[in-house]
Each structure stands twice: as structure tokens, then as C-alpha cells.
Amino acid sequence: MSIESLLAMNQQWAAKVAHEQPELFATLAKQQAPKYLWIGCSDSRVPANEIVGLLPGELFVHRNVANLVKHVDFNCQSVIQYAVDVLKVEHIIVCGHYGCGGIKVALENTNAGISDYWLRSIKDIFLRHREELKEYKTEHERLSRMCEINVVEQVANLAHSKIVQTAWQKNQPLQIHGWIYGLNDGVINDLSVTRKGLSDVDDIYQVDM
Ligand code: CO
């Protein structure tokens with residue numbers, strides 16, 4: 001497929017949307033008011049809007065390799081701040097996926113170049129959960145569980161962030177969810193680790209604002 005064909009497909013898509021929803025582009029050009037922030041993996045097989053059936057304007061999105069939320073990542077933190085403080089999203093979804101290449105590489109000793117710096121924190125997560133992970137008989141099962149645990153850890157990172165805690169202190173409605181997507185069936189599972197307020201944050205991580 002040539003690069004020009006992507007532009008041609010864009011023309012077709014824009015015409016189709018304009019036909020089906022004549023008001024959509026005019027409305028979106030004025031403002032966006034998404035209720036959800038999606039933090040997902042860069043993996044091309046996990047396109048955020050498509051898999052939850054949302055249109056342009058309905059999902060604020062940040063994606064990086066292995067859907068990591070790091071406190072020193074100004075890119076991710078800026079997205080979170082804008083989503084929470086300005087857009088006032090009511091839900092933040094961390095959506096990982098089974099078979100994540102980033103997690104797989106992090107659990108091996110390969111030299112992956114610069115991305116080793118990015119993925120390094122996944123090794124720390126592995127160490128913290130080593131006892132549980134030992135119980136899995138195959139590498140496949142262990143990787144799948146690690147993909148889930150990584151999501152749970154990123155949900156915790158979000159709950160520990162100043163941005164989220166400040167919103168909760170102001171009683172702003174904000175929930176954080178941990179989901180995982182199956183590449184082989186297209187189905188999302190809720191990992192049931194939703195956090196809704198400061199009572200869901202361990203004392204040591206609570207910040208006096
Ligand atoms: Co991935």
C-alpha cells in the first residue's frame with residue numbers, strides 16, 4: 001500500500017463521516033469534551049477508539065510502549081494534567097494487552113537499545129511479584145500475568161500522582177480503571193482494580209497539598 005493511498009482513504013473517510021454525521025466536524029472544530037482518558041500501548045493492534053466504539057472527540061488518548069505511567073514522564077503527566085484539570089474527564093483507563101512486546105523484552109536479557117531505559121521499570125515490577133509469577137508453568141502464562149500486573153501497577157502510579165490526588169481532594173469525580181485487551185479475540189477484560197478516591201491510596205503515597 002502506497003503512502004498516497006492513505007491520503008486517498010482519508011478523503012473517503014472524511015466524506016463518509018460528513019455524510020453520516022453532518023454536524024460532527026463543525027462541532028469538534030469548536031471544542032472537545034471527552035469524558036475518558038485512555039492510556040494504552042503504542043501497539044498497532046490496540047487502536048483505542050475503535051475497540052471501544054468511540055468517535056473522534058470522545059476519547060482523550062496517550063499511548064506509549066507498554067502503557068507505562070511514570071512520574072517523571074512529562075509527556076504522560078502533561079496529558080493527565082490537561083485531561084483532569086481542563087477537560088475534567090471522569091474516567092482514566094489504563095488498558096494493557098496480552099502478548100505485549102514491551103513487557104516481553106523487559107523480561108528477557110536482550111539489548112533492545114534505547115528502549116531498555118524506558119522498559120527498565122518493568123523489571124522492578126517483575127521483582128516485586130516474583131513469588132507469584134514463579135507459580136506459572138509456562139512462559140506464555142507468566143507473560144500474560146505480567147501484562148495484567150503491569151496494568152495494576154500503572155493504575156497505582158496514577159492514583160499516587162499529584163494531579164489525581166488534587167482532583168480527589170477537590171471532590172472532582174474521577175475513577176481510574178485497569179483493563180486488558182486480548183489480541184486474539186478483541187475482547188477487553190476489566191481487572192477490577194478501580195480506584196475512586198483518596199481512601200483507595202495507601203498512606204505512604206498520600207500527598208499533603
Ligand atoms: Co504492547
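**Entry 1: the sheet**

I looked up the sheet in this predicted model. Five strands make up an open sheet, and their order is β2-β1-β3-β4-β5. The pairing in this sheet is mixed. I then asked which strands stand at the edges. They are β2 (59-64) and β5 (188-190). Each of these has a single partner strand, so one side of each has no neighbour in the sheet.

**Entry 2: strand β3 and its partners**

Next I followed β3, which covers residues 91-97. On one pairing, β3 is joined to β4 (residues 175-181) by seven bridges, and the two strands run parallel. I checked two positions along this pairing. I92 has I176 of β4 opposite, and V94 has G178 of β4 opposite. With β1, strand β3 pairs over five bridges, again in the parallel sense. Here Y36 is found opposite H91 of β3.

Is β3 enclosed by the rest of the structure or left open? Six of its seven residues are buried, so I wrote β3 down as largely enclosed by the rest of the structure.

C41 belongs to strand β1 (residues 36-41) and H97 to strand β3, so named in the entry on pairing. These two lie 56 residues apart, and the pair links distant parts of the chain. I looked up their accessibility as well: C41 and H97 are both buried.

**Entry 3: helices α6 and α8**

I turned to the packing of helix α6 (residues 115-128) on helix α8 (residues 139-159). The angle is about 105°, and the axes are 10 Å apart. That angle makes α6 roughly perpendicular to α8. Which residues make the contact? From α6 I listed I122, I125, F126 and R128. From α8 I listed R142, M146, I149, N150, E153 and Q154. Sorted by class, the contact has five nonpolar, two polar and three charged residues.

**Entry 4: residue N150**

I picked out N150, a residue of helix α8. Is N150 buried or exposed? Its relative accessibility is 1%, so N150 counts as buried. I then looked up its contacts, leaving aside neighbours within four places in sequence. N150 touches A66, N67, L68 and I103, together with I122 and I125. I122 and I125 are among the α6 residues in the helix contact above.

**Entry 5: helix α9**

Last, I went through helix α9, residues 162-169. Its buried residues are I163, V164, Q165, A167 and W168. What do they pack against? I found α4 (74-86), β3, α8 and β4.

Terms used
Residues numbered from 1 in each chain as written. Predicted model: local features only at pLDDT ≥ 70, side-chain atom pairs only at ≥ 80, totals over all residues. Heavy atoms only, no water. Axes fitted to C-alpha atoms, helices over the stretch in contact; angles between N-to-C directions. Helix = DSSP H or I, 4+ residues; strand = E, 2+ residues; numbered from the N terminus. Parallel < 35°, antiparallel > 145°, perpendicular 65-115°, else oblique. Contact = heavy atoms within 4.5 Å. Nonpolar A, V, L, I, M, F, W, Y, C, P; charged D, E, K, R; others polar. Pairing = 2+ DSSP bridges. Buried < 20%, exposed > 50% of the residue type's maximum accessible area, 1.4 Å probe, protein only.
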